[in-house]
Amino acid sequence: MNEQALSVRDAILTRRSIKNFNVQPVDTENIAEILEDASWAPNHGNRNPWRFVVAASGEYTAFLDVLREYGVPKWKELDEDALEQQMKKFTGPGAAVFVIVPEDARQKERLEDYAAASMFIQNAQLLALDKGIGTCWKTPPFLDNPKFRADLGVKQGERIISMLQFGYFDNAPKARPRVDMTELITYFGREIE
Ligand SMILES: Cc1cc2nc3c(=O)[nH]c(=O)nc-3n(C[C@H](O)[C@H](O)[C@H](O)COP(=O)(O)O)c2cc1C
């Protein structure tokens, strides 16, 4: 193990969703390693309810072309400069991983599978941080666009739950405060004040 590895606690506390990436590419090998390790996430019945489409290096450029072409319908009206302005949110990261989960017909299993895939995603975010790579879980509307789903090879009964962006960054944003946990915890059997 890397001697300078972050403690689990430090990783959880210091991870931030990175929204400004610095355009440096992320190697496919790095992404593959992160996904391999993240697959140790808990998941009920060992169903491994996830699969992934990785776009890194040249594939990420190809994804950006798809986005320019039809990703956001209202971008159709824009001239080239205005379009590139809108594209900045997407041209900064070096890679994206599209996380695909089965949509089980049974509600309990479907919720469990989404929960397990979410744990996979946080594992991936923390493992990326350990390599100095930032991440952001994004849910843009084009993830549900039938044409985009078809381009990714997503089948009926599957859902893309995340465009997980990966990239290098110069500064992490400041943490947004969380709700004070004392407001959210009550203790079984104790009277509520
Ligand atoms: C299910 C889920 C969906 C998210 N979708 C988006 C998104 O579409 N766009 C975005 O900018 N951030 C998105 N985020 C990231 C949150 O905005 C971010 O986690 C939140 O602001 C807290 O910041 P932190 O992660 O730096 O602590 C999403 C996070 C989760 C868990």
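K131 is partly exposed in this predicted model, with a relative accessible area of 31%. Its side chain meets that of E33 in a salt bridge, in which nitrogen and oxygen lie 2.5 Å apart. This pair links distant parts of the chain, since E33 belongs to helix α2 whereas K131 sits in the loop between α5 and β3 (134-138), 98 residues away.

Side chains of opposite charge can pair when their charged atoms come close. With a salt bridge taken as a side-chain nitrogen of Lys or Arg within 4 Å of a carboxyl oxygen of Asp or Glu, the count for this model comes to twelve. One of them joins E103 to R110, with the closest N and O atoms 3.5 Å apart; E103 is partly exposed at 31% relative accessible area, and R110 is likewise partly exposed, at 35%. Salt bridges that share partners also connect R47, K108, E112 and D113 into one network. Another salt bridge brings together the side chains of E158 and K155, at 3.9 Å from N to O, and here E158 counts as buried, because its relative accessibility is 13% and the cut-off for burial is 20%.

V23, in the loop between α1 (8-14) and α2 (28-38), has a positive phi of about 75° although it is not a glycine, and V23 is exposed, with a relative accessible area of 55%. N46, found in the loop between α2 and β1 (51-56), also has a positive phi, near 50°, in a residue other than glycine; N46 is exposed as well, at 58% relative accessible area.

Finally, the surface carries a nonpolar patch formed by V179, M181, L184, I185 and Y187, which together have about 500 Å² of accessible area. Among these residues, L184 lies in the segment after β4 (158-167), and L184 counts as exposed because its relative accessibility of 56% is over the 50% cut-off.

Notes:
Residues numbered from 1 in each chain as written. Predicted model: local features only at pLDDT ≥ 70, side-chain atom pairs only at ≥ 80, totals over all residues. Heavy atoms only, no water. Patch = residues over 30% accessible without salt bridge, like charges linked within 9 Å, V, L, I, M, F, W, Y side chains within 5 Å. Areas by Shrake-Rupley, 256 points an atom, 1.4 Å probe, with all protein chains shown as cover. Helix = DSSP H or I, 4+ residues; strand = E, 2+ residues; numbered from the N terminus. Buried < 20%, exposed > 50% of the residue type's maximum accessible area, 1.4 Å probe, protein only.
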